[in-house]
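Subject: Structure handover

Hi,

Here is the structure I promised to pass on to you. Have a look at it first, and then read my notes below.

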Amino acid sequence: MDNYRILVLEDEQDIRDLISFQLKAEGHHVTAVDSADKAISLLEKGEKYHLMLVDWMLPGTLSGLEFTRKIRQHRDYKEIPVIMVTALTQPDDVVAGLDAGADDYITKPFDLDVLQARVRVQLRANYTQLGAQSTPGNLIVKDILRIDTAKCRVSVSEQEVQLTSTEYKIIVTLAQKPGHVFTRTQLISQIQGENIHVTGRTLDTHIAGLRKKLAEGGQLVETIRG
Ligand code: CA
């Protein structure tokens, strides 16, 4: 599994350290904070996370439940999966946690293997389609190339590139599996659509056009003869 950036929001130091240690052992980058305010200020600074583990009962202005609700209403953060970790075990609590927008709910005391498995489930569900270095919000980033599949935008070195829909489909197909060699037939079957008819020769033309538009990013698209 790839390494992901995970934010742990937990006010009890022992539990915070334990969760962080376990997730780091799995190879993830972990940031741990003890209040919702700190978590929000990290997000506002532009820090990106693939997943957040959120304790419900927190000191300070916002509880974990309120934090989760706020995240879900926020344009930039609403897609980040949240696992709520809490000592509140009543069915009503679980329902409230999930209704606030948590993707999963783990009650304390929890088993670390179960916690890790639940984390894997969320990461798999949210990010496996992205073969390239994946960042939250449907972004595929590869060196200077950046593709936002939610907005269908492609940029190279921060400069937006205008692509045709066929060129866009080609670059997304390739970028989702970096290093993978697609045959012409495979690429054509990926990009063939209702209004798109592609043959081997037109595919070459589309790829040439794509390379040209990507300029310095064009070298990321490699042709293997035969
Ligand atoms: Ca707590």
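In this predicted model, Leu-51, Leu-53 and Asp-55 point one way from strand E3, while Met-52 and Val-54 point the other way, and all are buried. Buried here means under 20% relative accessible area, exposed means over 50%, and partly exposed is in between, with a 1.4 Å probe and protein chains only. Strand E3 covers residues 51–55, and because five of its five residues are buried, it is largely enclosed by the rest of the structure. Helices (H or I, at least four residues) and strands (E, at least two) are DSSP runs, numbered from the N terminus.

A word on conventions: residues are numbered from 1 along each chain as its sequence is written, and side-chain values use heavy atoms, with hydrogens and water left out. As this is a predicted model, local features need pLDDT of at least 70 and side-chain atom pairs count only at pLDDT 80 or more, whereas totals for chains, interfaces and linings use all residues.

The sheet

E3 belongs to an open sheet of five strands in the order E2-E1-E3-E4-E5, with parallel pairing. Its edge strands are E2 (29–33) and E5 (104–107), each of which pairs on one side only. On average, neighbouring strands of this sheet are turned by 20 degrees against each other, direction ignored. Two strands count as paired if DSSP finds at least two bridges between them.

Here are the pairings with their bridges:
- E1 (residues 5–9) and E2 pair in the parallel sense over five bridges, and Leu-9 stands opposite Val-33 in E2.
- E1 and E3 are parallel partners over four bridges, with Val-8 opposite Leu-53 in E3.
- E3 and E4 also pair in the parallel sense, over four bridges; the bridge partner of Met-52 is Val-82 in E4.

Asp-55 is buried, with a relative accessible area of 3%.

Contact means heavy atoms within 4.5 Å. Asp-34 lies in the loop between E2 and helix H2 (36–44) and counts as partly exposed at 27% relative accessibility. Its C-alpha atom is separated by 9.9 Å from that of Val-54, 20 residues apart along the chain.

Helices

Helix H4 (residues 91–99) lies across strand E4 (82–86) and E5, running at about 145 degrees to E5. Axes are lines fitted to C-alpha atoms, for helices over the stretch in contact, and angles run from 0 to 180 degrees between N-to-C directions.

Helix H7 (residues 184–191) and helix H8 (residues 200–214) pack at an angle of about 80 degrees, with their axes 10 Å apart. That makes H7 roughly perpendicular to H8, a label for angles of 65 to 115 degrees (under 35 is roughly parallel, over 145 roughly antiparallel and the rest oblique). On the H7 side, Arg-184, Leu-187, Ile-188 and Ile-191 meet Gly-200, Leu-203, Asp-204 and Ile-207 in H8.

Backbone details to check

- The peptide bond from Lys-108 to Pro-109 is cis, with omega near -5 degrees; Pro-109 lies in the loop between E5 and helix H5 (112–127).
- Glu-158 is a residue other than glycine with a positive phi, near 70 degrees. Glu-158 sits in the loop between strand E9 (153–156) and strand E10 (159–161), and is exposed, with a relative accessible area of 72%.
- Ala-215 likewise has a positive phi, near 50 degrees, and is found in the segment after H8.

The whole chain

There are eight helices and ten strands in the chain, and its C-alpha trace spans about 60 × 30 × 30 Å along its principal axes. Of the 226 residues, 44% count as buried. Among contacts between residues at least 6 apart in sequence, 55% join residues at least 24 apart.

Best wishes
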